[in-house]
Amino acid sequence: PDLYFAEIEKAAADALAPVGYSGGALSQGMLLSVVSHHGFSVRYVQDLPRSARSVTDLRHRRIYLRQESLGMHTPRAVLLQTLGHFVLGHSTPADFADFLRQRIEANYFAAAVLVPEQAAAQFLQSAKNARDIAVEDMRDVFSVSYEMAAHRFTNLATHHLGLPCHFVKNDHCRHIRWPSIAPVVSAGNTT
């Protein structure tokens, strides 16, 4: 299946439009401008509960998060995942399936802001024309994790380039793990 979500791509593009994004990796200044444009401020703290990646103070419109990465979860991705819930209008999940849908959407939003569709699609088309497509290049150009670059490659190469592909995440024993963004698991090469 095509794991491209046009409405979330549009929300991400709309979030970037007011800050003047023009390509490449999203700078820290632009990231904070995106957050500020949506009425939030960011506070980096060291004492968040271990079970929380971020905490949002709705009264003061502050998002609290750690400065350091939590495994593959960079502060930039965590911040945009948190903001994504608000931008996408999520409310309290009705059930576990709704919770998972919201989580997938917020993760997709974060990836779509950090690896914007227009810039990434142009990058991928150029790489395809040169017969030199590599997820690592996408990772480097947009300064994101390999996993996020692989998810965006899956979303955009399937949709824009007509290259059907799926994301599969394997652990160190090569067991297939449930992906954090894409809701489909299929057999194939390891990442």
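1. The chain holds seven helices and five strands, where helices (H or I, at least four residues) and strands (E, at least two) are DSSP runs numbered from the N terminus. Read from the N terminus on, the elements follow the order α-α-β-β-β-α-α-α-α-α-β-β.

2. This is a predicted model, in which local features need pLDDT of at least 70 and side-chain atom pairs count only at pLDDT 80 or more, while totals for chains, interfaces and linings use all residues. Residues are numbered from 1 along each chain as its sequence is written, and side-chain values use heavy atoms, with hydrogens and water left out.

3. Of the 191 residues of the chain, 42% count as buried; buried means under 20% relative accessible area, exposed over 50%, and partly exposed in between (1.4 Å probe, protein chains only). The accessible surface of the chain comes to about 10,100 Å², and 52% of this belongs to carbon and sulfur atoms. Accessible areas come from the Shrake-Rupley method with a 1.4 Å probe; for residues, only the protein chains shown count as cover.

4. Contact means heavy atoms within 4.5 Å. Among contacts in the chain between residues at least 6 apart in sequence, 48% join residues at least 24 apart.

5. Helix H5 comprises 13 residues (117-129), and at 1.5 Å a residue it should span 18 Å; its end C-alpha atoms are 18 Å apart, which agrees. The expected span is taken as 1.5 Å times one less than the number of residues. Just after H5, Arg 131 takes a positive phi of about 55°.

6. The buried residues of H5 are Glu 117, Ala 119, Ala 120, Ala 121, Leu 124 and Ala 127. These buried residues pack against four helices: H1 (6-16), H4 (96-114), H6 (135-142) and H7 (146-160).

7. A nonpolar patch on the surface is formed by Phe 96, Phe 99 and Leu 100, with about 290 Å² of accessible area together. Patches are made of residues with over 30% relative accessible area and no salt bridge; like charges are joined within 9 Å, and nonpolar side chains (Val, Leu, Ile, Met, Phe, Trp, Tyr) within 5 Å. A salt bridge is a side-chain nitrogen of Lys or Arg within 4 Å of a carboxyl oxygen of Asp or Glu. Phe 99 lies in helix H4 and is partly exposed, with a relative accessible area of 35%.

8. Thr 56 belongs to strand E2 (residues 54-57) and is partly exposed, at a relative accessible area of 24%. Leaving aside neighbours within four places in sequence, Thr 56 is in contact with Phe 40, Arg 62, Ile 63, Thr 82 and Phe 86. Thr 56 and Ser 41 are 15 residues apart in sequence and 9.9 Å apart in space, C-alpha to C-alpha.
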